[in-house]
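Q: I would like to go through this model with you, starting with its helices. Could you take my questions one at a time?

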Amino acid sequence: MKKQLLALAVGMALVLSMATGCEKKTKEFPQKEITVVVPWSPGGTNDLMARALQPVFKEKFNVDLVVKNTEGGGSAVGINEVLTAKNDGYTVGLASSSFLALVTQGRAEADVEKITNICSVSEEPIVLAVKAGGKFEKAEDFLAQAKTGQVSIGVPGSNNVNQAYAMLLGQAAEADFLFMPFDGGSRVITEILGDHVDSGVLKPSEVISQVNAGELKVIGVFNKDGITTMPDVPTFESLGYDVFTLGEIKQASYIMAPEGVDEQVKEKLASMFKEAVESEEFKSFAGESGMILQPLTGKELDTYVGDIYKALDNAGKELFAVN
């Protein structure tokens, strides 16, 4: 009887110790700065997004959010850095639909179902931008030129949501485009302004500063509802071009981490990022940039990422000849 009582006491102590340890671990995290790897060059949407979160994290949690730009491979290099990092929660990445597209096409290796998804940040429409005061005043001018001679479109990365919508526009308008991939939206903008490429398929947040400065002009939007910050810009659907034959392919950004992050650390990260995304400061930034905030976590986020993955897989097979 004494042995049984002793065993029971030891067992209860062990359970209590484990519970206390988990609770302590959760309360203690984070004890240092959290690094967000942005897999694109400085100045692009994801970079601006991560930097907009920095002061919110400092104010709300007294935690330094360190932004590290690791560009290359259409975001594959930076995301791989995250996936191979220590899974202690102190290294996360700002992934996007572009990375999921790379995986579906076998151009990046990752088991999407095993990645630790933390919190979605935003959805963004895709726009077609040209140099202001250049040879294209409106979308009709651009498409007329493309029907009689080739026009070039700069793409941040390749075989992604941006290029998919541009290809669907080409099919709908029976137009011919020359696609030119670059590493990040900021590089595409530089090439447009330097007259090295005719246009770019980009996110509103990437071009809004140049649009306000009169350097770029957005001549068409690829979503169904238009953009509140650019109400006068027509959607391609309103111009009579069906760019949704494969459905709406979402351009989304979300925080992810390596496989195997402790569940309570994951929950703490998710809670922090969700609160930061829902803050008035970040909402103001998002509104000015034309972003649609989408702070999902947990199973809802896993389903959301999985649905985007499936849509991109279908687009790859239909548009990019991916087996």
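Q: How are H2 and H9 oriented to each other: roughly parallel, roughly antiparallel, roughly perpendicular or oblique?
A: H2 and H9 are roughly perpendicular to each other, because angles from 65 to 115 degrees count as such, those under 35 as roughly parallel, those over 145 as roughly antiparallel and the rest as oblique. Helix H2 covers residues 45–61 and helix H9 covers residues 263–277; they pack at an angle of about 115°, with their axes 10 Å apart. Axes are lines fitted to C-alpha atoms, for helices over the stretch in contact, and angles run from 0 to 180 degrees between N-to-C directions. Helices (H or I, at least four residues) and strands (E, at least two) are DSSP runs, numbered from the N terminus.

Q: What should I know about the origin of these values?
A: This is a predicted model, in which local features need pLDDT of at least 70 and side-chain atom pairs count only at pLDDT 80 or more, whereas totals for chains, interfaces and linings use all residues. Residues are numbered from 1 along each chain as its sequence is written, and side-chain values use heavy atoms, with hydrogens and water left out.

Q: Which residues in H2 and H9 meet?
A: From H2 there are Leu53, Val56, Phe57, Lys60 and Phe61, and they meet Met272, Phe273, Glu275, Ala276 and Val277 in H9. Contact means heavy atoms within 4.5 Å.

Q: How many residues of each class does that contact have?
A: The contact of H2 with H9 has eight nonpolar, no polar and two charged residues. Ala, Val, Leu, Ile, Met, Phe, Trp, Tyr, Cys and Pro count as nonpolar, Asp, Glu, Lys and Arg as charged, and the others, Gly among them, as polar.

Q: At what angle do H4 and H11 cross?
A: The axes of helix H4 (residues 97–104) and helix H11 (residues 298–319) cross at roughly 55° and come within 9 Å. That makes H4 oblique to H11.

Q: Which residues make that contact?
A: Ser97, Leu100, Ala101, Val103 and Thr104 of H4 make the contact with Val305, Ile308, Tyr309, Leu312 and Asp313 of H11. By class, there are seven nonpolar, two polar and one charged residues.

Q: Changing topic, how many helices and strands does the chain have?
A: The chain has eleven helices and eleven strands. Its C-alpha trace spans about 95 × 45 × 30 Å along the principal axes.

Q: What share of the chain is buried?
A: Buried residues make up 51% of the 323 residues. Buried means under 20% relative accessible area, exposed over 50% and partly exposed in between, with a 1.4 Å probe and protein chains only.

Q: Is Pro156 buried or exposed?
A: Pro156 is buried, with a relative accessible area of 7%. Pro156 lies in strand E6 (residues 151–156).

Q: What does Pro156 contact beyond its sequence neighbours?
A: Leaving aside neighbours within four places in sequence, its contacts include Trp40, Phe182, Val188 and Leu202. The C-alpha atoms of Pro156 and Arg187 are separated by 7.8 Å, although these residues are 31 apart along the chain.

Q: What about Ser122, buried or exposed?
A: Ser122 counts as buried, at 2% relative accessibility. It lies in strand E4 (residues 116–124). Apart from neighbours within four places in sequence, Ser122 is in contact with several residues, among them Met49, Gln251, Met291 and Leu293.

Q: Where is Gln150 found?
A: Gln150 is in the loop between helix H5 (139–148) and E6, and at 47% relative accessibility it counts as partly exposed. Beyond its neighbours within four places in sequence, Gln150 is in contact with Asp176, Phe177 and Leu178. The C-alpha atoms of Gln150 and Asp176 are separated by 5.6 Å.

Q: Which peptide bond is cis?
A: The bond from Phe29 to Pro30 is cis, with omega near -5°. Pro30 is in the loop between helix H1 (2–28) and strand E1 (34–38).

Q: What is phi of Asn159 and of Glu174?
A: Phi of Asn159 is near 50°, a positive value in a residue other than glycine, and Asn159 lies in the loop between E6 and helix H6 (161–173). Glu174 has a positive phi of about 55° and is not a glycine either. Glu174 is in the loop between H6 and strand E7 (177–182) and is exposed, with a relative accessible area of 70%.
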